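Dear colleague,

I am passing on the structure we spoke about, and my notes on it follow below. Please read them with the coordinates open beside you.

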Amino acid sequence: MENRKIIHVDMDAFYASVEQRDQPELKGKPVVVGGSPQGRGVVAAASYEARSFGIRSAMSAYQAVRLCPQAVFIRPRFQAYKEVSIQIREIFHQYADLVEPLSLDEAYLDVTNNKKDLPSATWVAQAIRKQIYETTQLTASAGVAPNKFLAKVASDINKPNGLYVITPDEAVGFVAKLPIGRFHGIGKATEARMHQLGIRHGSDLRELSLTELLQHFGKIGSFYYHIVRGLDPRPVRTDYIRKSVSSEETYRSDLRAQHEMEDEIKRLSHEVSARLQRSRAWGKTVSLKVRYPDFTTVTRSISASDHHQEPDWLAAHALALLSQTDATTKGVRLLGIGVSNLLFEDDSSSGIQLWLPFDLPNN
Ligand SMILES: [Mg+2]
């Protein structure tokens, strides 16, 4: 399994770079793409100039403007980003059949066998970066490694416009030195938890047995166990991209009381919100699915003008949608809440991948 050659390609400050390319007067200036600083919008992407003021994706636009009042705020132009996305995907497919897009600007490629018979995966990565630049006038960074986890970490190392290679021999030593905060899939809360346990680097994490990791962190513990040993068996899955996040529940006995339905909607909203936060995504459209006791199912949805991920926002919309159904008169057998029209934080949309179940190697 670990004789694979995986490349992770990631465009640099993608949305902001497209804006700077299309409006040359923005080159060299702090550019923030996202919601309006007057509203409750968030930063979806910041140019490197804006980042030097401390502006980061996921921050509120209001906070961003306080850090850098001279920043240029731009609403996202998804059509423009999608066009570039199609161009780079076409380039990926010239080199590999196994291409897994993670968002508009990021993908894994399995180039164990590359379609152009280039002599090495490093060569393939450089050829792809060059071709992306020639085609789009935008830069990309890439990581080359024996698996997805390492390739993803590697693409960040020489960003922007850089390449980093981790060979199979280097994998274990590389992860040993890696600070816990740099592990994709380890969020702030887990990082704090690990620090409390005295775990600061991959080498510390490696001291824990599989049983201990499962005790401390639940199911995801087995993922940690394997990645610190340089192992990540997840295959590159062709053309997979997350378009929505949802959660639903079928009830053993039908819900009849309105307050029960409302409590459930609030609970599901928290669940969906947590998933959005883990994948650093915001959604614009909320859907509510209701199955009545007679098994007929209705779906209602509503779109907001801005992207959100907060549980209260989700619950408020879902409750409004509930009143457009016959739930309170007919009763409810199933409730589901979904969020679509997703906007991913520019360069970390793949967090969610780590939370999907996968088969563990036999060791
Ligand atoms: Mg990116």
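In helix H13, the residues Leu314, Ala315, His317, Ala318, Leu321 and Leu322 are buried. They cover an arc of only 170 degrees around the axis, which puts them on the same side of H13. An α-helix has 3.6 residues a turn, so residues three or four places apart point the same way. The buried residues of H13 pack against several elements, namely helix H12 (258-278), strand S10 (281-291), strand S11 (297-308), helix H14 (327-330) and strand S12 (332-340). The length of H13 (residues 311-322) also agrees with expectation, because its twelve residues should span 16 Å at 1.5 Å a residue, and its end C-alpha atoms are 16 Å apart. Please bear in mind that this is a predicted model.

Turning to the sheet, five strands form an open sheet in the order S5-S6-S1-S7-S8, with mixed pairing. Its edge strands, each of which pairs on one side only, are S5 (98-103) and S8 (163-165), and the twist from one strand to the next averages 15 degrees. Strands S1 (residues 6-11) and S6 (residues 106-110) run antiparallel and are joined by five bridges; Ile6 has Asp110 in S6 as its bridge partner. Helix H4 (residues 78-95) packs on the sheet, where it touches S5 and S6, and its direction makes about 155 degrees with that of S5. Helix H5 (residues 121-136), for its part, lies across S1, S7 (140-145) and S8, and runs at about 170 degrees to S7.

As for the overall division, the protein chain is split into domain 1 (1-159), domain 2 (172-237) and domain 3 (244-344), and the C-alpha centres of domain 2 and domain 3 lie 33 Å apart.

Best regards

How values were computed: Residues are numbered from 1 along each chain as its sequence is written. This is a predicted model: local features need pLDDT of at least 70, side-chain atom pairs count only at pLDDT 80 or more; totals for chains, interfaces and linings use all residues. Two strands pair if DSSP finds at least two bridges between them. Helices (H or I, at least four residues) and strands (E, at least two) are DSSP runs, numbered from the N terminus. Axes are lines fitted to C-alpha atoms, for helices over the stretch in contact, and angles run from 0 to 180 degrees between N-to-C directions. Two residues are in contact if their C-beta atoms, placed from the backbone, lie within 7 Å. Domain bounds come from an automatic or database domain assignment. The expected span of a helix is 1.5 Å times one less than its number of residues. A residue is buried if 20 or more other C-beta atoms lie within 10 Å of its own, exposed if 12 or fewer, and partly exposed in between; C-beta atoms are placed from the backbone. The arc is that of the directions from the helix axis to the C-beta atoms.
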